[in-house]
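I opened a notebook for this structure and wrote down each thing I looked up. The entries follow in the order I made them.

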Amino acid sequence: MDQKLETEIQKHEGKIEEVTELSLESCGEPIKLNLLDKFTNLESLNLSNNGITNLKGFPKLLNLKKLDLSSNNIANTLFFLHGCSNLTHLNLSNNRIKDVGPLKPMIKLKKLQSLLLVNCDVCKVTDYRKKVFKILRSLIDLDGEDKKPTDEDDTVDTAEPKKEPDGTDGSEAMDTGGEKKSRKRKSKENDSFQKKKKKLQNFQAKNALMQLNELKPGLKYIVEAVSGPPHNPEFVVSVEVNEQKYVGRGSSKQLAKHSAAQAALSSMVQFRNTPEAMTALSRPSSMSDFTTDNVENEGFNFNKFEGQKNGTRNEIISTDNPSLKKPLKLLTEAEKKNPVMLLNEIHPGLTFKLVEENSAIPSQRFRMTVEVGGENYEGTGQNKKQAKAAAARAVLSNLYNVSYSMFPPSLLPTSPDYAELFNFPQAVADKISKLLMSTFSDVMTDNPDNAKWKVIAGIAMTKDEAMQDIQIISFGTGTKCINGEHISMVGANLNDCHAEIISRRCLKDFLYTNLEYHLEGEGDQSIFLKKETGGFALKPHIKFHLYISTAPCGDARIFSPHEEVVVDPVDRHPNRNSRGVLRTKIESGEGTIPVKDGQRIQTWDGIIPGQERLLTMSCSDKIASWNVLGLQGALLCHFIEPIYIESVILGGLFHPNHLHRALFGRIEGAIKDLPPMFKLNKPKMCATTSPETRHLIKSPNFSVNWTVGLGRAEVINAVTGKTESGQVSRLAKRSFFQRFMNIYDRLPHVDEYETPSPTLYSAFKNAVKKYQEAKISLTSAFVSAGLGHWIKKPTEQNEFELSFK
């Protein structure tokens, strides 16, 4: 243990005060607890399964909230934990605690809410739960089970009879008509009444679960997701009340259920009195006049509530709270007021905390958090003020469905079908953005020289229906394309190093890996299921989400960020020449230009000497093509069904109308005759609450790519399309063709096609007839909509085999 602890100390030398979580379980060596005093800001500590017999020397850790001491040999000495005054969760399971006596010193842990004593002998003690709750009044949860009325200590101490002045107990009768007996009987009756009154006053009011169960018996609580390490799990539990879903989070199922019940009660309950309401919602109540109509309740209203529909979102809106009287009222307030100011009006007295400062990412240098209703919300920005505003926007977006695009919320689309496209959970969008940036920082820690970016994009995968189980699959950076003189006739170079395109190629790498699992007999690890009819399909609830730090180049970015227009599915300037047209990136430059009339195919002998500039379709156009053809490309269509994006999340330059048009709206009325399995996909669209700002820096000449499981990221020279050492990228056509040929004859195909001869890369792409038919429908849709012709690269670059050195 000491060796591992010293290793941790050396690992964080100079930054040890930044460590908030530490796991030292199953070290198998003696321990010196006093060495932990260096970790002054620890919030979570795991010391399980280390043979600890006593806690002598346990340091004073004022920030510690969660402590795991399970599977040790502790019998007492718990008073050494007095220095951890903010401890809320303690795990003492599988220890040698035999009765409640050793627990009494923990009475000084006033904030302790959850205690685990599973498999300790103390659990066999008669009325064990009652005794523990009597000692530790702050406990909400014991052994993963919430406190119940039956856990209350209902014993009443018997008072000694009062001695009379003569030393007797007054039990003898008096000669004067039993006056003394009468007085004594009245006294006893009064004492009994006072004891009952005192008992009723001390009886703890019902918690949120009890209150909600009384109001709505038979509710079902569903565990939506479980995340986090084994020693510090987070449970997500939901409950549906009156067709409205409420979600709670906690370190145990019971705490998560309690949180979900609190969320439901705070929205729809009519309480009989304020103290009862505050107790059920775990809020302190003030000793005010209960007969008055003026109730102080920190922004909550416990009177009449009504449900209202806003688009497809079911919101619970108070009819008595002026700031929440109508959804449009709140949205109007959001439009006119600073988000921090508005949030403080709804929830007075909130505290914003600076939790991180990272100069490596200028646009997200500061990270601030704020706690509302037991949940932490965070925001990032170039300065503390921006980060604080972003955190406030996160609260308002998640709790009140306030939209924070760069346009007034009152101008959001009113058409239900159109509005549904922007109805994506804000919490999920923010979490994907946060996880992506965190993953990028972790991967690039050892390579700071290549951690600079002007645009970053990535693809996240969700594995559950609630989209809480999120995994970052890939990321890419870059804004440039290959120089024309470096195009390859053997598929050895990357033509387009824009971040969105790179992250999609990384996804294709991930898809190949998951198909290869079936070759290795590890199909259970794959995201694909084998179909009886041939080929493979995604497992249920698997979805992919595209994050981009700014609007993709091309049509989605052709607008003024500060123009105020009514967001409407009908373009108000349909005749403007730049609206919706296909655009191309240009060689050795940034930005895009509209395609020229009649321009369709580029020539090899025109590009190599520089007579023509190498043109590449814009990212907006390519994403639009993915919404018809899928993310997988032509080769993978031999084995799998088309895979479409579930959502597109932007970190900046989010304009609902322009993004909708660019991704699919411009060909919605023109595309037709799509073959089976293919469709016009309409992904959900959302902006993050911590927007990216303009990067006034020169774009790097390199591009970084990473796929989950890769370890170190690959760095590409965007000018040559190869790695910095001149090697072929793992994402190049040649690399993917090699992997394709490795599985071609070994896995079942969706449709049986005759093997092409000669075995050219282009021949295998053209063999997938349905894909090629869908591609023709796509390009024809652009032409029939008057948006131009899709520009193709020279045909020579795809006519290669693998028989080359």
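**Entry 1: a bridge in S26**

I noted at once that the model is a predicted one. I then looked up the strands behind that bridge. S17 pairs with strand S26, residues 702-707, in the antiparallel sense over 3 bridges. Gly476 also turns up in a second pairing, as the bridge partner of Ala457 in S17. That pairing joins strand S16, residues 456-462, to S17 in the antiparallel sense, over 7 bridges.

Is strand S17 mostly covered or mostly open? I found it mostly covered, with 7 of the 8 residues in 470-477 buried.

**Entry 2: the whole chain**

I stepped back to the chain. I counted 19 helices and 28 strands. The chain has 805 residues, and buried residues make up 50% of them. I also checked contacts between residues at least 6 apart in sequence. Of these, 59% join residues at least 24 apart.

Next I went to strand S14, residues 366-372. It is mostly covered, and 6 of its 7 residues are buried. I looked up its partners one at a time. Strand S13, residues 352-357, runs antiparallel to S14, and 5 bridges join them. Within this pairing, Phe352 has Val370 of S14 as its bridge partner.

I picked out one of the bridges here: Val372 is partnered by Glu375 in S15.

How many residues lie between S14 and S15 in their hairpin? I found 2, and Gly373 in the turn has a positive phi of about 60°.

**Entry 3: a sheet of three strands**

I then looked at an open sheet of 3 strands. Its order is S22-S21-S23, and the pairing is antiparallel. The edge strands are S22 (592-594) and S23 (615-617), each pairing on one side only. On average, neighbouring strands of this sheet are turned by 45° against each other, direction ignored.

I followed S21, residues 583-586, to S23. They run antiparallel and are joined by 3 bridges. Ile586 stands opposite Leu615 in S23.

Which helix packs on this sheet? I found helix H14, residues 619-629, touching S21 and S23. The direction of H14 makes about 45° with that of S23.

**Entry 4: helix H14**

I stayed with H14 to check its cover. It is mostly covered: 11 of its 11 residues are buried. Among the buried residues I listed Cys619, Lys622, Trp626 and Leu629. Just after H14, Gly630 takes a positive phi of about 95°.

I asked what else H14 packs with, and looked up H12. H12 and H14 pack at an angle of about 35°, and their axes are 9 Å apart. From H12, Glu500, Ile501 and Arg504 meet Cys619, Lys622 and Trp626 of H14. By class, this contact has 3 nonpolar residues, 3 charged and no polar ones.

**Entry 5: H12 and H17**

H12 has another entry, with H17. Helix H12 spans residues 499-519 and helix H17 spans residues 733-744. They pack at an angle of about 20°, with axes 11 Å apart.

Why do I call them roughly parallel? Angles under 35 degrees count as roughly parallel, and H12 and H17 are therefore roughly parallel to each other. H12 passes H17 in a left-handed crossing.

I looked up who makes the contact. The residues of H12 include Arg505, Asp509, Tyr512 and Leu519. Those of H17 include Lys733, Phe736, Arg739 and Ile743. By class, the contact of H12 with H17 divides into 6 nonpolar, 2 polar and 6 charged residues.

**Entry 6: Val226**

My last stop was Val226, in strand S8, residues 221-227. Leaving aside neighbours within four places in sequence, I found Val226 in contact with Glu234 and Phe235. I also looked up Ser251, 25 residues from Val226 along the chain. The C-alpha atoms of Val226 and Ser251 are separated by 9.5 Å.

Note on methods: Residues are numbered from 1 along each chain as its sequence is written. This is a predicted model: local features need pLDDT of at least 70, side-chain atom pairs count only at pLDDT 80 or more; totals for chains, interfaces and linings use all residues. Side-chain values use heavy atoms; hydrogens and water are left out. Axes are lines fitted to C-alpha atoms, for helices over the stretch in contact, and angles run from 0 to 180 degrees between N-to-C directions. Helices (H or I, at least four residues) and strands (E, at least two) are DSSP runs, numbered from the N terminus. Angles under 35 degrees count as roughly parallel, over 145 as roughly antiparallel, 65 to 115 as roughly perpendicular and the rest as oblique. A crossing is left-handed if the near helix is turned anticlockwise from the far one by less than a right angle, and right-handed if clockwise. Contact means heavy atoms within 4.5 Å. Ala, Val, Leu, Ile, Met, Phe, Trp, Tyr, Cys and Pro count as nonpolar, Asp, Glu, Lys and Arg as charged, and the others, Gly among them, as polar. Two strands pair if DSSP finds at least two bridges between them. Buried means under 20% relative accessible area, exposed over 50%, partly exposed in between (1.4 Å probe, protein chains only).
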